[in-house]
Amino acid sequence: MDLLLTNIGLLATPIGTTARKGREQREIALIPDAVVGIRNGRIGFVGKRGDTCEASLSLDCGGRLVTPGLVDSHTHLAFGGWRQNELALKLEGASYLDILKAGGGILSTVEHTRTASEDELVEKTRALLSEMFCHGVTTCEAKSGYGLSTADELKQLRVIRSLNEVSPVSIVPTFMGAHAVPKEFAGNRGGYIELLIDEILPAVSRENLAEFCDVFCESAVFTREESRRILLEAASHGLALKAHADEIEPGGGAEMAAAVGAVSAEHLIETSDEGIRALADKNVIAVLLPATSFYLDKPYARARNMVDAGVAVAVATDFNPGSCPCSNIQFAMNLACLKYKLSPAEALTAVTLNGAAAINRAKLCGSIEVGKQADLVIWNAPDLEYIFYRCGSNLVHNVIKNGKELLICLSSGTLRLLSTM
Ligand code: IZC
Ligand code: ZN
């Protein structure tokens with residue numbers, strides 16, 4: 001082995017290469033006094049104290065908890081500007097959609113993203129990714145949708161591609177041109193949808209810049225029928241599908257996502273019982289975003305009902321400059337227990353294996369098993385309950401990320417190269 005993690009007080013991990021649903025979501029492996037060996041950037045060995053295993057380097061985990069690297073399966077992380085001016089509007093009672101309808105919200109981020117250069121966006125987003133890494137995230141998803149023109153969507157997706165090459169966090173790119181109707185198409189939604197289908201989507205597909213396509217399916221943004229049409233078009237270009245569904249109003253978005261064969265449906269705050277059944281029947285992963293409910297002061301998605309109905313639930317941040325300017329997935333983990341009433345074991349699965357499955361990475365990461373990427377978090381915690389119970393502090397001690405290089409993030413926030421594979 002290249003590296004041996006010794007003296008792990010407790011190793012906690014879901015097991016498998018597919019999403020865990022229903023009872024399976026809480027059936028995780030808990031190994032006290034564990035040892036993990038890493039070879040060529042992959043997990044090479046998982047054992048108990050006393051098992052013999054040769055290694056060139058070893059790292060004493062000091063009796064701490066070790067989990068898989070966290071997977072943030074829903075972010076809008078590459079954007080220009082911020083939206084702190086919306087705070088005053090919110091405090092005066094303006095809703096998320098009021099701000100969007102008045103030309104703010106997503107459209108103000110579109111302005112800032114269009115005027116920023118590719119390099120500026122890379123530098124800004126790189127710092128955000130380092131912050132996420134030091135909070136335990138080793139893989140994330142990132143959506144476009146702040147360009148809303150061919151050139152600007154391609155620019156945003158190229159930023160994501162460049163960052164994937166330099167960041168310690170692996171990034172899965174999602175094309176979300178159907179995020180809002182840009183101001184030059186105000187009053188002509190049909191015209192924008194034609195542009196999306198005839199020009200932007202084919203260009204994204206030609207450059208192979210995205211693995212997924214997402215739509216903001218909401219009656220005030222893209223209707224269920226429009227969303228369905230855009231997603232089916234994306235599928236014909238070979239993209240896997242996702243949908244922002246039932247975030248603000250119940251609109252049958254979950255049923256639409258299930259009908260088009262989406263990998264995941266996201267938000268689902270207002271999803272009906274029929275919608276939950278459709279997700280369970282079609283094995284659609286529910287990506288739930290509790291920090292957005294917190295930030296918008298909205299109800300929380302019915303995660304407990306979803307798990308009990310056999311839906312695989314993932315939890316992510318939704319990090320974006322408007323409805324959730326919080327990139328700390330540990331906050332979403334606290335809310336997953338406190339507000340969704342998931343158990344720590346269910347919530348761990350939600351931010352690891354189920355998150356990985358929601359972005360088609362469950363064969364590579366999301367659990368600590370021989371053959372998977374060596375993506376691990378060493379926590380300043382003695383057991384699993386502790387990281388869901390403590391709140392407001394970064395509880396990460398170290399993060400380890402595979403790749404050509406074995407990178408380690410120290411709790412001080414600095415990155416160190418441990419060894420080169
Ligand atoms: O920038 O407001 N919900 N899209 C759908 C967002 C939130 C991101 C934003
Ligand atoms: Zn979102």
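View 1. Histidine 76 and histidine 244 are both buried, a word used here for a relative accessible area under 20%, with exposed meaning over 50% and partly exposed anything in between (1.4 Å probe, protein chains only). The model is predicted, so local features need pLDDT of at least 70 and side-chain atom pairs count only at pLDDT 80 or more, whereas totals for chains, interfaces and linings use all residues. Residues are numbered from 1 along each chain as its sequence is written, chains are lettered from A and ligands numbered from 1 in the order in which they are written, and side-chain values use heavy atoms, with hydrogens and water left out. The zinc ion (ligand 2) is coordinated at 2.0 to 2.5 Å by His74 (NE2), His76 (NE2), His244 (NE2) and Asp318 (OD); donors are N, O and S atoms within 2.8 Å of the metal (3.2 Å for Na, K and Ca), and since water is not among the atoms, sites may look incomplete. Along the chain, the donors of this zinc ion follow the spacing H-x1-H-x167-H-x73-D. The pair formed by histidine 76, in the loop between strand 6 (70–72) and helix 1 (86–91), and histidine 244, in strand 10 (residues 240–245), links distant parts of the chain, 168 residues apart. Helices (H or I, at least four residues) and strands (E, at least two) are DSSP runs numbered from the N terminus.

**View 2. Angles around the zinc ion (ligand 2).** The four donor atoms subtend angles of 79 to 165 degrees, and the arrangement is therefore irregular. Four donors count as tetrahedral if all angles lie between 85 and 135 degrees; four count as square planar and six as octahedral if opposite donors are over 155 degrees apart and all others between 65 and 115, and anything else is irregular.

**View 3. Helix 7 and its buried face.** Helix 7 (residues 224–236) has 13 residues and reaches 18 Å from its first C-alpha to its last, close to the 18 Å expected at 1.5 Å a residue, where the expected span is 1.5 Å times one less than the number of residues. Glu226, Ser227, Ile230, Leu231 and Ala234 are the buried residues of helix 7. Seen down the helix axis, these buried residues fall within an arc of 125 degrees, so they line one face of helix 7; the arc is that of the directions from the helix axis to the C-beta atoms. On the other side of helix 7, Glu225 and Ser236 are exposed. The buried residues of helix 7 pack against strand 8 (170–178), helix 6 (189–206), strand 9 (212–217), strand 10 and helix 8 (253–259), with contact meaning heavy atoms within 4.5 Å. Glycine 238, whose phi is positive, near 90 degrees, follows helix 7.

**View 4. Glutamate 86 in helix 1.** Glutamate 86 is found in helix 1, and at 7% relative accessibility this residue counts as buried. A polar atom of the glutamate 86 side chain lies 3.0 Å from the backbone nitrogen of glycine 105. With neighbours within four places in sequence left aside, glutamate 86 is in contact with Ile99, Gly104, Gly105, Ser108 and Gly322.

**View 5. Leucine 65 in strand 5.** Leucine 65, found in strand 5 (residues 65–68), is buried, with a relative accessible area of 0%. Not counting residues up to four places away in sequence, leucine 65 touches Leu10, Ala12, Val377, Ile378, Trp379, Ala381, Asp383, Leu384 and Ile387.

View 6. Helix 5 (residues 150–166) has 17 residues and reaches 25 Å from its first C-alpha to its last, close to the 24 Å expected at 1.5 Å a residue. Among the buried residues of helix 5 are Thr150, Leu154, Leu157 and Ile160, and what covers its buried residues includes helix 3 (106–115), helix 4 (118–134), strand 7 (137–143), strand 8 and helix 6. Alanine 203, which lies in helix 6, is in contact with Thr150 and Leu154 when its neighbours within four places in sequence are left aside. In the loop between strand 7 and helix 5 is leucine 148, a residue other than glycine with a positive phi near 60 degrees; leucine 148 is buried, with a relative accessible area of 0%.

Technical notes. A polar contact is a pair of N or O atoms within 3.5 Å; within protein, one must be able to donate a hydrogen and the other to accept it, and residues adjacent in sequence count only if both atoms are side-chain atoms.
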